[in-house]
Amino acid sequence: MGQWRRAVLPAFAAVVATALLSACANGGGLRVEGPEPAPPSTPGLTTPSPHPMRTPAVAVDLAEVRVRLLADKRLSGYSRTVLTNCTVISRCLSRGRTVDVLHSGTPQQIVLIHTLEKFVFGIFLIAVEPSGPRPIWSLNVEQPTVNASPQGDLVVESKIFTINDPVCCPSGRRVEVYRWNGRQMIKVSSTDQ
């Protein structure tokens with residue numbers, strides 16, 4: 001009986017471990033984040049393919065981003081107050097998606113600005129350059145979801161209040177599409193739903 005346990009138990013443990021690990025696999029290795037949500041349908045945009053090309057992730061230094069943003073004279077007053085009083089960077093800034101909406105071949109980082117309660121009230125598009133992060137564009141918007149369309153436009157979906165909404169819970173949404181025109185980001189469409 002003791003020999004049986006010594007021979008069968010390690011094999012049984014290996015089978016159980018393999019089964020547990022394979023349950024986490026999705027065919028491309030272990031994936032921590034969930035599946036990417038499809039960008040909202042917007043008039044004039046085509047439906048993305050089920051496997052869009054991904055822009056490689058970049059590791060932008062949020063402390064450096066904070067310094068660059070505070071040096072920008074165009075930074076809104078509220079954003080400046082939040083960033084000035086922010087002693088722990090992760091409490092006021094976080095990384096969003098990596099995109100290439102400038103069509104430069106070098107990824108840009110979406111950076112979200114939020115309150116301590118993680119209420120996002122704005123986004124920044126940050127170019128990652130050898131000299132450090134460079135703010136390209138910003139938008140004050142509440143609780144946004146930001147994606148790149150298959151054409152390389154920036155699609156921003158945010159929550160908006162409708163007439164009868166309670167203060168806690170906006171039920172409407174706005175979808176805005178922004179495009180790089182070679183010099184700046186311009187709004188090409190806006191739809192309230």
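1. Basis of the model. This is a predicted model, in which local features need pLDDT of at least 70 and side-chain atom pairs count only at pLDDT 80 or more, while totals for chains, interfaces and linings use all residues. Residues are numbered from 1 along each chain as its sequence is written, and side-chain values use heavy atoms, with hydrogens and water left out.

2. Overall fold. The secondary structure of the chain consists of three helices and eight strands, where helices (H or I, at least four residues) and strands (E, at least two) are DSSP runs numbered from the N terminus. Followed along the sequence, these elements give the pattern α-α-α-β-β-β-β-β-β-β-β.

3. Surface and interior. The chain has 193 residues, of which 33% are buried; here buried means under 20% relative accessible area, exposed means over 50%, and partly exposed lies in between, with a 1.4 Å probe and protein chains only. The accessible surface of the chain comes to about 12200 Å², and 59% of this belongs to carbon and sulfur atoms; the areas come from the Shrake-Rupley method with a 1.4 Å probe, and for residues only the protein chains shown count as cover.

4. The disulfides. A disulfide is a covalent bond between the sulfur atoms of two cysteines, and the criterion used here is a pair of cysteine sulfur atoms within 2.5 Å.

5. Cys-86 and Cys-92. These two cysteines are joined with an S to S distance of 2.1 Å, and the link is left-handed, with -90° about the S-S bond. Cys-86 counts as buried because its relative accessibility is 9%, and Cys-92 is likewise buried, at 2%.

6. Cys-168 and Cys-169. Here the S to S distance is 2.2 Å, and this link is left-handed, with -90° about the S-S bond. Cys-168 is exposed because its relative accessible area is 59%, whereas Cys-169, at 38%, counts as partly exposed.

7. Val-141. This residue sits in the loop between strand 4 (132–140) and strand 5 (145–148), and it is buried, with a relative accessible area of 8%. Apart from neighbours within four places in sequence, Val-141 is in contact with Val-120, Phe-121, Gly-122, Val-156 and Ser-158, contact meaning heavy atoms within 4.5 Å. Val-141 and Arg-174 are 33 residues apart in sequence, and their C-alpha atoms are 9.8 Å apart in space.
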